Amino acid sequence: MNLDELLKEYSELELQLADPAVHADQHKARTLGRRYSQLTPIVATYRELDAARDDLTAAKELAGEDEGFAAEAAEIAARIPQLEERLKHLLIPRDPNDDKDIIMEIKAGEGGEESALFAGDLLRMYLRYAERIGWKTEVIDSQPSDLGGYKDVTVAIKAKGDDGVWSRLKYEGGVHRVQRVPVTESQGRIHTSAAGVLVYPEAEDVEVQIDPNDLRIDVYRSSGPGGQSVNTTDSAVRITHLPTGVVVSCQNEKSQLQNKESAMRILRARLLAIAQEEADAAAQAERKSQVRTVDRSERVRTYNYPENRISDHRVGFKAYNLDQVLDGELNAVTQALIDAEMAEKLAQHS
C-alpha cells in the first residue's frame, strides 16, 4: 500500500471512529482503533515533512529579501532528510501481529534435570522482563520437575498499551543453550544443555473458529513432580484438535472448566499460527526458526555462566552481562534483533 492509500485509509478511519454506532461493536472499534494508532505516526510524520517543505520554499523566497531567513532555510533543509528517513522507516510493512499479546511455551530438552532448571531460569527471565516493562503475565500451565525447574511451562504475556508483546518477544522462539556447572554435578565440570521456546501471538475468539465436533476432550488427574497425583478429582484436561492433530494439556487449575478454558486459549493460539503459516510463506519461513525439537545444535542463543556471556547467534549479538539479562534486562538483546530485521526490510525496499 502506497502513501496516498494510507492517507486515504487514515481519513476513513477518523470518520468511522467518530461514528457512535461503530463503538457498539467493541471488537470492531478495537480493531479500527488499533489500525488508527498504527497509521498515526506515518500521517504525523508525512504532515510534518510536507509542512517543512512548504516552510523551506517560503524561507528561500524571503531570504532573497532578508538575509536573516537564510539561516532558517538552512536549518529546515537539514531537517527534511531526517523526516524523509523517518517516513521511509515507518512505511516499511509491519508484522500484522506486532500489536498482539503472546502465549509462550518453554520446554526442557537435552540435559535432563539441568535442562528443566534452565527452563525455569528462562521463565523467570521473561517474567522479570515483563514486570520491568509493565506487562501482565499469567502462568497457564506447568509441569514442574523434581528439583524445582520445569519440564514444560506455558505463560501468557499481555501488554497494557498499544505496543504489543509480539513485537518484542517474537524473536525468542528457538533453542536456547546453557553452559554452566549443574547443581547435580559433583566434579565441577561445565555441562551444556538446552531448552526450547515457542512463541505464538494470542488469538482472539473471532480470529479462530473452532468446531466443537472437531475436538476430543479427555480428563485425568493432575500430576506433580515425580508423577505423583496432586488432585483427587479428574480436573486435568487434554484437548485434541482432530483435523490438525494438535494436542494441548492443562492441569494447573483446580477445576476442570478452568483447565479447559486455558487449554482452549493455547489451542487457538497454535491454530492461528498454523493458519498463518499456510497463508504466508514468509511467516512459514520465520516459524521454521522456532525449532520444535530441542536439539543443542539448533540453537538461537547461548547463555554462558562462567564467562557471564550471552550470545545471539542470528545477529552476532554478544554481551557480558548475563546475570542482568537473566534478571530481566533483555532490551539490548531484543533491540539488536529488531534492528537487524529493520535493516533487512530496508534493504528489500530500497
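In which hand does H2 pass H3, left or right? The structure is a predicted model, so local features need pLDDT of at least 70 and side-chain atom pairs count only at pLDDT 80 or more, while totals for chains, interfaces and linings use all residues. Residues are numbered from 1 along each chain as its sequence is written, and side-chain values use heavy atoms, with hydrogens and water left out.

The crossing of H2 with H3 is left-handed (the near helix is turned anticlockwise from the far one by less than a right angle). Helices here are DSSP runs of H or I with at least four residues, and strands are runs of E with at least two. The axes of H2 (residues 26-63) and H3 (residues 68-90) come within 9 Å and cross at roughly 155 degrees. The two helices are therefore roughly antiparallel (angles over 145 degrees). Their contact brings together 18 nonpolar, 1 polar and 7 charged residues.

Strand S1 (residues 102-108) is mostly covered, with 5 of its 7 residues buried (under 20% relative accessible area, 1.4 Å probe, protein chains only). S1 pairs in the antiparallel sense with S3 (residues 150-158) over 6 bridges, and with S5 (residues 191-201) over 7 bridges; pairing takes at least two DSSP bridges. Lys-107 stands opposite Asp-152 in S3, and Ile-102 has Pro-201 in S5 as its bridge partner.

S1 also turns up among the elements giving two or more residues to the largest nonpolar core, a set of 33 residues (buried Ala, Val, Leu, Ile, Met, Phe, Trp, Tyr and Cys joined through side-chain atoms within 4.5 Å). H4 gives the most, with 8 residues.

Conventions. Buried < 20%, exposed > 50% of the residue type's maximum accessible area, 1.4 Å probe, protein only. Axes fitted to C-alpha atoms, helices over the stretch in contact; angles between N-to-C directions. Parallel < 35°, antiparallel > 145°, perpendicular 65-115°, else oblique. Nonpolar A, V, L, I, M, F, W, Y, C, P; charged D, E, K, R; others polar.
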